Amino acid sequence: MNSSLLLSSASGDLGFMIKELVPMPFKFMGSTVWITTSHVCILIVLLILIGFAAACHHALTHPKEIPTGLQNVAELIVEMLSKMINGTMGKSGDRFLCYFGTVFCFILVSNISGLLGLRPPTADYGTTFAMAIITFVLIHFNTIKYHNAKELWIDKCSPLPPWCPIWLPINLISDIAVPISLSLRLFANVLSGTIVMALVYGLLSKVAIIWPAVLHVYFDLFSGAIQTYVFCMLSMTYVTQAIDGRD
């Protein structure tokens with residue numbers, strides 16, 4: 001797949017827009033379903049992660065007493081993720097290590113995929129909103145699992161007594177706003193970097209030599225890592241609050 005297909009500025013069409021690539025042989029609600037650049041980039045990111053995981057699995061099935069090479073990298077990644085997740089979620093961290101570790105790796109690789117000439121999948125709101133919805137489901141699944149109906153009612157009516165549910169609509173709106181705020185924060189920050197880089201290459205193509213690497217370091221590496229950390233930390237905090245130390 002030529003990267004110019006995924007991030008192009010031909011004919012004045014700057015590459016921060018999602019491109020429709022291949023139409024599907026069916027329609028949804030009367031509209032044609034397309035395979036877009038987001039789908040292709042997500043597939044590429046998944047293949048990178050699966051390939052890396054397979055290589056790590058092979059390295060760890062033949063471990064050395066003193067870790068070297070890929071074994072050392074794999075153990076370092078697992079150790080850092082475990083420390084971050086357990087440090088945030090406490091004794092509940094081990095149950096969510098695989099999920100939040102996977103989310104962290106997916107978002108991070110997606111955010112830095114611009115270095116490969118791809119349009120970051122997280123610059124598509126459909127991607128970030130889907131992950132935020134999973135977090136939303138996790139939050140309320142654990143809320144219902146660890147709290148009875150009376151506790152839920154008291155919590156939704158707080159800070160007023162449960163016989164005065166004036167705050168109930170406001171608390172419900174705040175719950176609904178969680179996936180929206182989570183997804184918009186990640187989406188907007190990644191998309192803004194994608195737009196800036198597309199403008200640089202599209203409008204300054206004749207002088208965009210070497211120096212855009214500095215912008216890539218900021219938007220793809222630094223900002224991408226920060227946004228990955230923020231999304232995962234907020235998600236873990238919400239889930240931990242839902243469990244409320246009852247695990």
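Residues are numbered from 1 along each chain as its sequence is written, and side-chain values use heavy atoms, without hydrogens or water. In this predicted model, local features need pLDDT of at least 70 and side-chain atom pairs count only at pLDDT 80 or more, while totals for chains, interfaces and linings use all residues.

**View A. A nonpolar surface patch on helix 5 and helix 7.** Phe129, Ile133, Val137, Phe141, Ile176, Ile180 and Leu184 make a patch of about 610 Å². Patch residues have over 30% relative accessible area and no salt bridge, and nonpolar side chains (Val, Leu, Ile, Met, Phe, Trp, Tyr) are joined within 5 Å. Helix 5 (125–146) contributes the largest share, four residues. Phe129 lies in helix 5 and is partly exposed because its relative accessibility is 31% (buried means under 20%, exposed over 50%, partly exposed in between, with a 1.4 Å probe and protein chains only).

**View B. The hairpin of strand 1 and strand 2.** Strand 1 (residues 20–28) runs antiparallel to strand 2 (residues 31–36), and five bridges join them; strands pair if DSSP finds at least two bridges between them. Pro23 stands opposite Trp34 in strand 2. Two residues separate the strands, and Met29 in the turn has a positive phi of about 55°.

View C. The structure holds zero disulfides (a disulfide is a pair of cysteine sulfur atoms within 2.5 Å). Cys105 is partly exposed at 26% relative accessible area, whereas Cys232 is buried at 1% relative accessibility.

Methods: Patches are made of residues with over 30% relative accessible area and no salt bridge: like charges are joined within 9 Å, nonpolar side chains (Val, Leu, Ile, Met, Phe, Trp, Tyr) within 5 Å. Accessible areas come from the Shrake-Rupley method with a 1.4 Å probe; for residues, only the protein chains shown count as cover. A salt bridge is a side-chain nitrogen of Lys or Arg within 4 Å of a carboxyl oxygen of Asp or Glu.
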